[in-house]
Amino acid sequence: MDKYSKEVSCGLDFKTKFSIIIPIYNVEPYLRCALDSIKNQTLQDFEVICVDDGSVDNSLDILREYAKNDTRFKVISQPNAGQGIARNRAIDISQGEYILFLDPDDYIELNTLKLLYTTFKKTKAPVIQFDYKLFEDGTNKTKLRTFKRRARKSLKYNISKDSFFNWKNLRTRTMLAEMSQAAWVKAYSSNFIKNNNIKFAPNKHGEDHIFSISTLLLADKIYYLQEPLYYYRERANSAVNKLSDDNFCIFENIEILKKFLLEHKLYETLKTEFEQYVKNVLKAHYNCILPSSKQKYLDECSKLFTPEENKTFLKELRHVDKSFIEKIFSIKNKKEHEKKSKLITIFGFTFDIKIKSNS
């Protein structure tokens, strides 16, 4: 039995209402904000499982300080292995009736646990989907991100406020790609997660795709709570914005997802959706691979396609790569109200240079 599908003991004798799971790696400047947003919740019956993933800053010292002063905070330390393994370890030892994931540079609204607990009891749903806000590190400017808008725009599905849905409602060619969202946009029943042995992929990138897609496909119903409970911090030096050959793990993630679909007899039903997901994630991870390794990455990609499919994939990939380069530097013409200008983009900053008329 491999490291992904290893069975866990599910003695579901809950000792608290919520288990909040936080994987931590070198987030010293933001960590107290995240921990305080839990500590100050209006519902106080919870445990916080903090898994330090080999931090080399003072993150672990901060965690130990909180654990010393509050027994609800539990600290696990491991060599750097990625968020997937960190979260899986926390799930295995969690004792909460419900599970919520929090990234250590983000935070949650102070009434999050109380509202989620009331909603779980009211709806009996195994999973609750909620909204969130993006906020820029440094400026604190926020942007609301709603599942309602995402479902309508990307999946052509109109969902009303405070209602149920499942994957059959969302089914389009791009469903798996669109719904491979981060784990923190939902809260989960521990019974549902543990009885179905739902796990994160044991890798450093894209590990939450497997978890999110598994919960989507195995939940008979998901409840949409139209409330922005989570604040996601946008910062330039976060792990998702770094070039790394760790992104080669996407090939293992694809195999894990295929195995899951086969085991649950969903592969033939969702074959088109799976193939579209593969193309989307391969294109997304391509831009995160080190330039010196891109040909090796393309060689691995070609093994997943027929020659004709690979030719189409490479053509689409060139377009994606061009778009990525244009975000770094580009010059485009602009014409508005008969006035001409040049839009010059340099490292993400766009300048509108007016062109004087010859007349």
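Which residues does Leu113 touch, not counting residues up to four places away in sequence?

Reply: Happy to take you through it, bearing in mind that this is a predicted model. Leu113 touches Phe18, Ile20, Gln41, Leu43, Phe46 and Leu100, once residues up to four places away in sequence are set aside. Leu113 itself belongs to helix α4, which covers residues 112–123. Its relative accessible area is 0%, under the 20% cut-off, so Leu113 counts as buried. Phe46, one of the residues it touches, sits 67 residues away along the chain, yet the C-alpha atoms of Leu113 and Phe46 are separated by 8.7 Å.

Now for the wider setting. The protein chain has 13 helices and 13 strands. Of its 359 residues, 49% count as buried, and Leu113 is one of the buried residues.

Elsewhere in the chain, helix α3 (residues 83–93) packs with helix α9 (residues 207–218). Their axes are 8 Å apart and meet at an angle of about 45 degrees. That angle lies between 35 and 65 degrees, so the two helices are oblique to each other. On the α3 side, the contact involves Gln83, Gly84, Arg87 and Ile91, and these meet Glu207, Asp208 and Phe211 of α9. By type, the residues of this contact are two nonpolar, two polar and three charged.

Asp70 lies between α2 (59–69) and β3 (73–78). Its relative accessibility is 11%, again under 20%, so Asp70 counts as buried although it is in a loop. The side chain of Asp70 has a polar contact, at 2.8 Å, with the side chain of Arg72.

Finally, a word on confidence. The mean pLDDT of the protein chain is 87, with 84% of residues reaching 70 or more. Over residues 1–11, however, the pLDDT is below 50, and that stretch has 22 contacts in the model beyond near neighbours in sequence. Residues 322–330 also stay under 50, with 16 contacts beyond four places in sequence. Where pLDDT is low, the predicted coordinates should not be read in detail.

Methods: Residues are numbered from 1 along each chain as its sequence is written. This is a predicted model: local features need pLDDT of at least 70, side-chain atom pairs count only at pLDDT 80 or more; totals for chains, interfaces and linings use all residues. Side-chain values use heavy atoms; hydrogens and water are left out. Helices (H or I, at least four residues) and strands (E, at least two) are DSSP runs, numbered from the N terminus. Buried means under 20% relative accessible area, exposed over 50%, partly exposed in between (1.4 Å probe, protein chains only). A polar contact is a pair of N or O atoms within 3.5 Å; within protein, one must be able to donate a hydrogen and the other to accept it, and residues adjacent in sequence count only if both atoms are side-chain atoms. pLDDT is the predictor's confidence in each residue, from 0 to 100. Contact means heavy atoms within 4.5 Å. Axes are lines fitted to C-alpha atoms, for helices over the stretch in contact, and angles run from 0 to 180 degrees between N-to-C directions. Angles under 35 degrees count as roughly parallel, over 145 as roughly antiparallel, 65 to 115 as roughly perpendicular and the rest as oblique. Ala, Val, Leu, Ile, Met, Phe, Trp, Tyr, Cys and Pro count as nonpolar, Asp, Glu, Lys and Arg as charged, and the others, Gly among them, as polar.
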